[in-house]
Amino acid sequence: MRSVNAIEVSSLRKSFRRRFRSEKIAVDGLDLEVPAGGVYGFLGPNGSGKTTTIRCLLGLVRPTDGECSVLGSTHFPEVVRRVGSIVETPTFFGGFSGRRNLELLAQIGEVPRTRVDGVLERVDLAEAADDRVRTYSLGMKQRLGMAAVLLKDPELLVLDEPANGLDPAGLKEVRDLLRDLADEGRTVFISSHLLHEVQLICDSVAIMSHGRCIAQGPVDEVLQVRGGNAFVVRAPKLREAKSVLTKAGYPSTFRGDQSLRVVADVSAAGRITKTLAEKSIYLTELRPEEISLEAVFLELTGDVS
Amino acid sequence: MTGLLLAEARRFLSRRSFRVIGVLAVVAVIGAGVLVFVESSKSLSASLPQAKQMVTECHQAIGSGPTARIRNGGLTVRDVASCPTIRQAEILFDKRFHYTDTTKSTTQNVAFPLFFLAFAIAASFVGAEWATGMMTTTLTWEPRRGRVLLAKVIPALLILGAAVIVLFAFMAVVFIPIGVFRGITTGMTASFWGHLAGLWLRAALIAMFGASLGIGLATLARNTVAALGIGFVFVAILDPIFSHLWRGRFGPWLLMQNLQRAMRMPIEHVVGHAAFGNQVTMTVQSATRPAILLSIYAVGLLAAAYATFRARDVT
Ligand SMILES: Nc1ncnc2c1ncn2[C@@H]1O[C@H](COP(=O)(O)OP(=O)(O)OP(=O)(O)O)[C@@H](O)[C@H]1O
Ligand SMILES: [Mg+2]
């Protein structure tokens, strides 16, 4: 029976033996469910165990305890053809051109070599394809890594900080690319520090700290950890609007920039407009308040340590 | 698996260490050929002056030197020592290039440096992959580690073995004009060629053995330098020490002696009993035992390397 989750991790533990010192616990009882389809963000500060978890998923590291299943299989070699991955900085043969590197990988993965040009095009590396990888910039190596991932035409992409070293245009390209891949029905699992990027493209996230998962679920839900939903309301008669809304059961406060912060469920937008309109207050702006993932992240990961 | 094998073979062939050493080996053969060509001469009579001088000096030393008058149990020195004839002395200073002998002995001797080169090239083939982190990339494309290791071993062994044969064949060809113009080519019979080809094959197998050791050690150490260091300490220090301990009893189990036997080289063999004074003779011994023993060593090391590779984390 195949599970609906693309990745399932249960009570995963990994400790590394260190010379002359106590063991280092990198992952400490992690449970994770990554639904198939969509972009899943895997967040956490440096050293929180993201890369180690990814290495466990890909069979590079043997878990001390617990289990990982990828595309319904606990034995990674069975599904390797369907999983494209980047672990930390992608490594290639410096002496070979980008194209030659991809051709070699295509040969290893028994993927038609005709795909190489297409993926180089897709990551915008066609021009530099025949230069030696040694001469590539960090961002270009990162793109080549993405190209290698796409070469497999994978169902699941496991990407460890794919945006590392990309310029703003590159970031946007990767963002769009990942979004497109998810829209094609693939599952994208990315670890990242770039919370703004993650917030822009991820459907769900998990936040790691010290080897444990401290929050996971759809992005909106995780964001609600910080006081639930609220709207930003701007209107001509702000003081009056505030008392009207508070009386109507929507606690409101001044934000200090000629607008109100109105605590209400997402679905309440229409009712807020109506409530104010009935009192002849016509609002000029109504938008959900953005809670940044960064704020949540710092709050959550801050008080654990 | 075929794809992986082919990819690894391509990687191996384009490695700089392999190419540079290959070119240097070809240059060395040509350079040595030119030197030998210049140093050799077509006829035996080239050594006549030296031979004459030697014989004259010898006669002077025996006939008129102070030693002639030494009496020793009623014998003169002339009775126990004799000087070579000019003909004999000529052979001693022979400057002719003896194609068959030289080609054969050079093949035997060059097999050893090639063993070390194969060891080093193969060790760096694996060690470099660990050093660059390329092993992670490879394993995300082929996670079955047995296959990954085999795909290193098979191309490295086949390519290095073939390279050794090609190099020796090239050397045999380079030597032909030297034999023809600056020496003698007698003895180039079918049986000679068979014998020579046998030596090439042995040298190729020895290089393959070296490559197995290199890959095995580099897989265990995950590092080229460490693998080379272990290999060096063993061959340059431990092997010679052990081979002289306990009247050479460890010799038959050590690398160097087995490699020499495999190349049909005579090895030291102690006969007799210590009480009567050991006699050391040089004998050529069968290569069956070394072949089996070295194969066991190579397979054993590779099996240990596989077991470790399989069990250890790749981080
Ligand atoms: N091979 C290893 N031996 C010992 N400790 C290790 C090893 N690999 C990782 N660790 C430790 O495990 C912890 C988690 O490391 P990991 O690389 O998974 O973190 P990360 O979340 O990916 O961090 P970053 O955001 O910096 O990439 C770290 O404290 C690290 O020191
Ligand atoms: Mg990491």
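**Notes on the ligand 1 site**

1. By class, its shell holds eight polar residues, three charged ones and three nonpolar ones. Keep in mind as you read that this is a predicted model.

2. How many residues surround ligand 1? There are 14, and the closest of them are N46(A), G47(A), K50(A), T51(A) and T52(A). As for where to look, you'll find ligand 1 between chains A and B.

3. Which element gives the largest share of that shell? That would be α1(A), with three residues. In chain A, α1 covers 50-57 and β2 covers 21-35, and each of the two supplies at least two residues of the shell.

4. Now for the polar contacts, which involve oxygen atoms of ligand 1. The side chain of T52(A) puts an N or O atom 2.6 Å from a ligand oxygen. With G49(A), a polar backbone atom sits 3.0 Å from an oxygen of ligand 1. K24(A) uses a polar side-chain atom instead, at 3.3 Å from a ligand oxygen. Taken alone, ligand 1 would expose 640 Å², and the protein buries 71% of that.

5. Finally, step back to chain A overall.

How values were computed
Residues numbered from 1 in each chain as written. Chains lettered and ligands numbered in written order. Predicted model: local features only at pLDDT ≥ 70, side-chain atom pairs only at ≥ 80, totals over all residues. Heavy atoms only, no water. Near = heavy atom within 4 Å. Polar contact = N/O pair within 3.5 Å; in protein donor to acceptor, adjacent residues only side chain to side chain. Areas by Shrake-Rupley, 256 points an atom, 1.4 Å probe, with all protein chains shown as cover. Helix = DSSP H or I, 4+ residues; strand = E, 2+ residues; numbered from the N terminus. Nonpolar A, V, L, I, M, F, W, Y, C, P; charged D, E, K, R; others polar.
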